[in-house]
Amino acid sequence: RDGQTRIAAWYLWVRGSDTQAGSAFENASTHGLLQLDNGEIWAATEAGGAAVMDAQLNVIGAVRPKPMEIGGNGAAQRVLAIAQTVDGTVWLGANNALYQFNRERRQLKVIPFAIAHEWQFFAGSEGTLWIGTQDGLYRLRPGATAPVHVAQKGGEPLGGVIHALAEAVDK
């Protein structure tokens, strides 16, 4: 319930598929789970968007990014990463953009970000959203309009495939 706990795998089966057409769990494969600070569990789904569940894994809603706002083709946005930042907003990384939602499941912002196919998110304690990709490490600071490629000490972008992110306490 700390907003940081996340389980991720290439395909994670949370529960069985739903037979109802248009269900967020039409395909039960997920790319990540996140328990929000309000207790809801959001599952980043292969079918597009995020299924919203209660603690007993009953689907109580769904969040579906609106791709047309950035020139998308209207297709379901396969969610690849999910995190909640300290301000309480939830970020979904899907296909070609970052989508920001509030706790009430309303989409607040869309930021184009067509960098890589696989992403990892980490919400830093100071509010920064860290984004690990197949093209290196990016960060989105609070209030920023676009992610910035993190540079190495010499100024070169930090490249390589980022599979995991964590935060260390400085001493």
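The model is predicted, so local features need pLDDT of at least 70 and side-chain atom pairs count only at pLDDT 80 or more, while totals for chains, interfaces and linings use all residues. Residues are numbered from 1 along each chain as its sequence is written, and side-chain values use heavy atoms, with hydrogens and water left out.

Because 5 of its 5 residues are buried, E8 is largely enclosed by the rest of the structure; buried means under 20% relative accessible area, with a 1.4 Å probe and protein chains only. Val90, Leu92 and Ala94 cover one side, and Trp91 and Gly93 the other.

E8 pairs with strand E7 (residues 79-84) in the antiparallel sense over 5 bridges, where pairing requires at least two DSSP bridges between the strands. Here glutamine 84 has valine 90 of E8 as its bridge partner. The E7-E8 hairpin has 5 residues between the strands, and its glycine 88 takes a positive phi near 95°.

With strand E9 (residues 97-101), E8 again forms an antiparallel pair over 5 bridges, in which alanine 94 stands opposite alanine 97. This hairpin has 2 residues between its strands, and asparagine 95 takes a positive phi near 45°.

Further along, 4 strands form an open sheet in the order E11-E12-E13-E14, with antiparallel pairing. E11 (120-123) and E14 (148-149) each have a single partner strand, so one side of each is left without a neighbour in the sheet. Between E13 (residues 136-140) and E14 there are 2 bridges, and arginine 139 has valine 148 as its bridge partner in E14.

Notes. Buried means under 20% relative accessible area, exposed over 50%, partly exposed in between (1.4 Å probe, protein chains only).
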